[in-house]
Amino acid sequence: MQFTSERRLDDGVLEREFTLGEIPGTLWTPGSAGPAPLILVGHNGGLHRREPRLVARARYSAASGYAVAAIDHPGHGDRPRSAADEQARADLRRAMQAGEPVDEIFESFVGPLVERAVPEWRATLDAVLSLPGIGGPVGYSGMTAIGIRLAVAEPRIAAAGFFAGGYVPRAQREEARQVTVPLLFLLQWDDEGNPRQRALDLFDAFGSKEKTLHANLGGHAGTPWFEVEDGDRFFARHLK
C-alpha cells in the first residue's frame, strides 16, 4: 500500500489517498488515539469512491472513532473500463429506454464485478489492518451483491450493513443463506430499480440470527441521513 496524499480535516479526521497495486482507495482515520475498529465502505454500481454521499458517511464514521476504507471497484471511478464494461452499460441503457427486461444484462455485469471486487477488498483488508492504529473487528457497509460474497468468504467481517438498491445476481441470492453475521438491511420502499418483493425475499433468505430491516419511503437515492447515524449505532454494538 502506497499513500499518495493526506490532509487533516476540520473534525480531526485524517484523510489519505492510497494505491494498492492497481486499486485506488481512500482511508479515513479518527484523530483519537488507540486501535480503531475498521469499516469497509462500498459503493453501488457505476459510482466513484469520492461520491459525496459515500464521503459524508465515511467522514461521519471516522469522526465517531472508526477507521474507514473505500476503494474503486473494477471499471469504476478512477479505474479504466473494459470494452465489456462499456458494452454492458450501453446494453443496459438501451434496454431501460425501450422498456425491455434487464435482469440478464445486470447478471452479465454485476456477477463478474463481484468475482473481481471481492479479492480486491480482501487484499485491501490485509493492507489496512497491517497499519498502526487500526485493528479489528471489521464491518462492511455498502453494495449488497459484493457484501454478501465478502461476508461469506471473509471471516474477519463481524457485522454488515447492506443497501438493498441494485441488482443481486442469482449466485449471491443463493449465498445469502450463508451470511450469518449481524446484519442491517436498508430498503427504499419506492426504489425504481429494485423490486420491493425481491428485496424482502432476500432479507428473508439471510442466515443471520440477528438481522434488522429498515424501510423508508422514497426512491433509490433517498436514504435519509439518520440511517447513517443508526448504522453507526449498529456497528458500535458489534465492533466496539
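A salt bridge is a side-chain nitrogen of Lys or Arg within 4 Å of a carboxyl oxygen of Asp or Glu. Keep that in mind on this tour of a predicted model.

**Stop 1: Arg198 and Asp103.** Select both residues. They form a salt bridge, and the closest N and O atoms are 2.8 Å apart. Now colour the helices around them. Arg198 sits in helix α6 (residues 196-205) and Asp103 in helix α3, so the pair ties together parts 95 residues apart in sequence.

**Stop 2: Asp11 and Arg59.** Select this pair next. Here the closest N and O atoms of the salt bridge are 3.7 Å apart. Asp11 is in the loop between β1 (2-8) and β2 (14-20). Arg59 is in helix α1 (residues 52-63). The pair links distant parts of the chain, 48 residues apart. Asp11 is partly exposed, at 38% relative accessibility. Arg59 is partly exposed too, at 29%.

**Stop 3: Arg233 and Asp230.** Move to helix α7 (residues 226-239), which holds both residues. They are 3 residues apart, about one turn of the helix. Arg233 is partly exposed, with 47% relative accessibility. Asp230 has a relative accessible area of 21%. Why does Asp230 count as partly exposed? Buried means under 20%, and exposed means over 50%, so a value of 21% falls in between.

**Stop 4: a charged network.** Select Arg7, Glu15, Glu17, Arg49, Arg50 and Asp72 together. Salt bridges link these residues in a network. How many salt bridges are there in the whole structure? A search finds 18.

**Stop 5: the largest nonpolar core.** Hide the charged side chains and look for the nonpolar ones. In soluble globular proteins, nonpolar side chains tend to be buried together. The largest nonpolar core here has 47 residues. Which of them touch the most other members? Select Leu38, Leu40, Ile146 and Phe206. Then show helix α3 (residues 103-129), which gives the most to this core, with 10 residues.

**Stop 6: Phe206.** Centre the view on Phe206. Leave aside its neighbours within four places in sequence. Phe206 is then in contact with Ile148, Phe162, Ala176, Val179, Leu183, Phe185 and Lys211.

**Stop 7: a second core.** Finish with Leu9, Val41, Val55 and Ala62. They are among the 19 residues of a second, separate core.

Definitions and conventions
Residues numbered from 1 in each chain as written. Predicted model: local features only at pLDDT ≥ 70, side-chain atom pairs only at ≥ 80, totals over all residues. Heavy atoms only, no water. Core = buried A, V, L, I, M, F, W, Y, C linked by side-chain atoms within 4.5 Å. Buried < 20%, exposed > 50% of the residue type's maximum accessible area, 1.4 Å probe, protein only. Helix = DSSP H or I, 4+ residues; strand = E, 2+ residues; numbered from the N terminus. Contact = heavy atoms within 4.5 Å.
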